[in-house]
Amino acid sequence: MRGALLLYTASTERLKGTQVSIIAQQGENVPHNATEKTSSADRSDSRFQILSLSGGGYRGLFTARILADFEKRIGAPIATRFDLIAGTSIGGILALALAMEVPAERMVSLFEKHGTEIFKKRGSFLGYLRSPYTQVSLSSLLQSDTLFGQRTIGECKHRVIVPAINHTTGRPVVFKTPHHATFSADYHHRLVDVALATSAAPGFFPRYTFNNCQYVDGGLFANAPGLLALHEAEHFLGQNRQDIHIMAVGTMSAKFTVDPHRNRNGGALDWGGWKPANMPKRLFGVSISAQETLVHHLLGHAISSNQYHHLDEDLADERARAVALDKTDRAAREILLGSAVECAKRAIGSEQILEVLNRRALRPIFYHGENASSAQGL
């Protein structure tokens with residue numbers, strides 16, 4: 001986690017110089033001045049819009065509902081309003097779906113109908129021997145032809161970036177559509193594989209293996225991927241910071257605080273209670289919650305207030321106890337869906353949000369894969 005903190009505590013000036021040390025699976029050896037030919041200076045419309053979707057397990061139902069309400073409002077796929085989509089964990093699954101123009105309402109239905117199936121516990125000896133859940137059901141559901149099927153990143157219709165950690169090499173990676181000439185490594189990866197890699201949350205699911213590497217949840221270093229997206233837009237897509245607008249959607253992250261009456265010795269009983277195997281879950285929860293708050297503040301400093309829009313709800317009191325990364329019961333669904341409807345309604349009543357939703361993004365340029373023909377003639 002020390003590396004993650006170094007990533008997010010980079011100063012605003014370093015961000016402006018596009019010198020943030022982000023290790024990406026693609027483009028990591030690309031010179032710092034290597035940008036896409038279509039920069040903001042070459043466009044009649046220089047505005048560049050980013051959609052950032054945070055991780056949060058089943059709480060992603062909140063995110064999906066907001067996006068579905070936005071699509072209902074504009075009568076079009078929400079991805080057509082953004083020049084770049086970034087998502088981590090459940091947010092990464094949603095980001096990939098949006099980039100394929102899978103209706104957000106279909107993702108809402110997926111989580112509503114199959115949440116208990118996705119988070120169905122298995123025998124794990126209290127989590128000591130293995131994770132309490134598997135990704136078998138999620139994998140099967142995502143491979144439906146109405147969702148991802150066997151399609152690849154190269155078939156995405158919109159730019160997308162999705163972080164994960166390659167546990168085999170110990171390095172953070174960012175899976176990307178081929179929206180830069182040097183991005184030739186990821187476009188052949190199946191969407192399902194990337195989705196399961198970014199959402200393999202430690203303490204909940206086993207590591208996910210594909211391409212001869214083991215992956216764990218990208219939320220360990222970039223649960224709120226807005227800073228990654230800002231860097232991507234400036235460094236690889238040649239955008240000027242004053243033209244970049246970011247809409248970030250959270251997952252009702254609860255603030256993890258300490259009970260002053262509990263054990264303070266820092267051991268497994270302290271962090272995990274009477275089920276020490278819960279320690280990884282609680283540490284993961286603390287990490288993603290703190291990241292959400294930190295990135296929110298850093299983005300607020302990196303770009304002006306009229307360029308950054310953060311949509312989220314705080315969980316407190318009884319609601320916080322009813323909602324969690326792996327709670328899928330009726331009470332959790334009611335809170336997540338009800339809160340999302342209210343959040344979307346308030347957002348649609350904002351002139352700044354409507355300006356984002358009413359602006360149609362330019363057609364993206366891809367250099368490899370299914371949609372590489374878009375780059376012909378450059």
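**A friendly note on this predicted model**

1. Let's start with one residue. His245 is buried, its relative accessible area being 11%, and the cut-off for that label is under 20%. Keep in mind as you read that this is a predicted model.

2. Where does His245 lie? You will find His245 in strand β7, which covers residues 244-249. Setting aside neighbours within four places in sequence, the contacts of His245 are with Arg47, Phe48, Gln49 and Ile50, and also with Asn306 and Gln307.

3. Now for the chain as a whole. It contains 14 helices and eight strands. Of its 378 residues, 57% count as buried. Among contacts in the chain with a separation of 6 or more, 76% come from residues 24 or more positions apart.

4. Next, the interior. In soluble globular proteins, nonpolar side chains tend to be buried together. Here the largest nonpolar core has 107 residues. Which residues have the most contacts inside that core? They are Phe70, Leu142 and Met247.

5. Leu142 deserves a look of its own. Neighbours within four places in sequence aside, Leu142 is in contact with Ile93, Leu110, Leu147, Phe148, Gly149, Val192, Ala195 and Leu196.

6. Two packed helices are described by the angle between their axes and the distance between the axes. For helix α3 (residues 60-74) and helix α5 (residues 104-118), the axes come within 8 Å and cross at roughly 150°. Because angles over 145 degrees count as roughly antiparallel, α3 is roughly antiparallel to α5. The crossing in which α3 passes α5 is left-handed.

7. Which residues make this contact? On the α3 side they are Gly60, Leu61, Ala64, Arg65, Leu67, Ala68 and Glu71. On the α5 side they are Ala104, Glu105, Val108, Phe111 and Glu112. Sorted by kind, the residues of the contact of α3 with α5 are seven nonpolar, one polar and four charged.

Key
Residues numbered from 1 in each chain as written. Predicted model: local features only at pLDDT ≥ 70, side-chain atom pairs only at ≥ 80, totals over all residues. Heavy atoms only, no water. Axes fitted to C-alpha atoms, helices over the stretch in contact; angles between N-to-C directions. Helix = DSSP H or I, 4+ residues; strand = E, 2+ residues; numbered from the N terminus. Parallel < 35°, antiparallel > 145°, perpendicular 65-115°, else oblique. Left-handed = near helix turned anticlockwise from the far one by under 90°. Contact = heavy atoms within 4.5 Å. Nonpolar A, V, L, I, M, F, W, Y, C, P; charged D, E, K, R; others polar. Core = buried A, V, L, I, M, F, W, Y, C linked by side-chain atoms within 4.5 Å. Buried < 20%, exposed > 50% of the residue type's maximum accessible area, 1.4 Å probe, protein only.
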